[in-house]
Amino acid sequence: MLLARIGLFGRAIEFFFALIFLAGGAYFIWRFSSSPRWEWWAAIPGFALAGIGLDNLMRSAAGDFHGMFFLGTLGLGFFAVYLSGRQRWWGIIVGGVLITLAFTSMLAGMLGVNETGGFLLLGLGLTFLLLAVLASVQWAYVPAICLLALGALVGTASTSTFNYLWPAALITAGLLLILQFARKK
């Protein structure tokens, strides 16, 4: 590593470490695929190491686009955890969040989009909607609808309108809660 810091190996050292990470990822993915029901945990380090390897390989070729590889492949690893056993529905949430972060990092880095908050909220809403549909988790519809609505509001071009609608919606919701509480007594 000292010789690499001096610059003796040039760009070859990046390729070498990328291969090391890809080999480690391949080992864990092989363990996962050989017994996905019992060794589901191996998908997480397997896809993480593969993502780091891909990230190192694509760093010079993809520019700002390269960070997406690590987050995206790690997200796929968590989806693989869910697919290995439907009782591990939590893998959908983590996988969806990571793939959403990969997508928003691509928007910010590669395409120069500055306002990615709306995309982030839409991606999180789609994640919970996917959880509700795939895993039949009924409570997931509530955060899905809220996040999708909030993402649509934040993502609109007329954010000045949003600056008035959001406080009005909060005040209205608060008044409805007070009225509902008063009716019960």
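**Helical architecture and a nonpolar surface patch**

Valine 133 is located in helix α6, where helices (H or I, at least four residues) and strands (E, at least two) are DSSP runs numbered from the N terminus. The model is predicted, so that local features need pLDDT of at least 70 and side-chain atom pairs count only at pLDDT 80 or more, while totals for chains, interfaces and linings use all residues. Residues are numbered from 1 along each chain as its sequence is written, and side-chain values use heavy atoms, with hydrogens and water left out.

Valine 133 is exposed, at a relative accessible area of 52%; buried denotes under 20% relative accessible area, exposed over 50%, and partly exposed in between (1.4 Å probe, protein chains only). A nonpolar surface patch of about 600 Å² is formed by Leu126, Leu129, Leu130, Val133, Leu134, Tyr141 and Ile145. Two or more residues of this patch come from each of α6 (117–134) and α7 (141–155), and α6 gives the largest share, five residues. Patches comprise residues with over 30% relative accessible area and no salt bridge, like charges being joined within 9 Å and nonpolar side chains (Val, Leu, Ile, Met, Phe, Trp, Tyr) within 5 Å. Areas were computed by the Shrake-Rupley method with a 1.4 Å probe; for residues, only the protein chains shown count as cover.

The protein chain contains eight helices and zero strands. Of its 185 residues, 31% are buried. The chain exposes about 11,500 Å², of which carbon and sulfur atoms supply 73%. The mean pLDDT (the predictor's confidence in each residue, from 0 to 100) is 85 for the chain, and 84% of the residues score at least 70. Confidence is highest in α6, at 92, and lowest in helix α1 (residues 2–6), at a mean of 69.

Helix α4 (residues 67–84) has 18 residues and should span 26 Å at 1.5 Å a residue, which agrees with the 27 Å between its end C-alpha atoms; the expected span is 1.5 Å times one less than the number of residues. Of the 18 residues in α4, 13 are buried.

Threonine 100, in helix α5 (residues 90–109), is buried, with a relative accessible area of 9%. Residues up to four places away in sequence aside, threonine 100 touches Phe119, Leu120, Gly123, Leu124 and Thr127, contact meaning heavy atoms within 4.5 Å.

One salt bridge (a side-chain nitrogen of Lys or Arg within 4 Å of a carboxyl oxygen of Asp or Glu) was counted. Arginine 31 and glutamate 39 are joined in a salt bridge at 2.7 Å, N to O.
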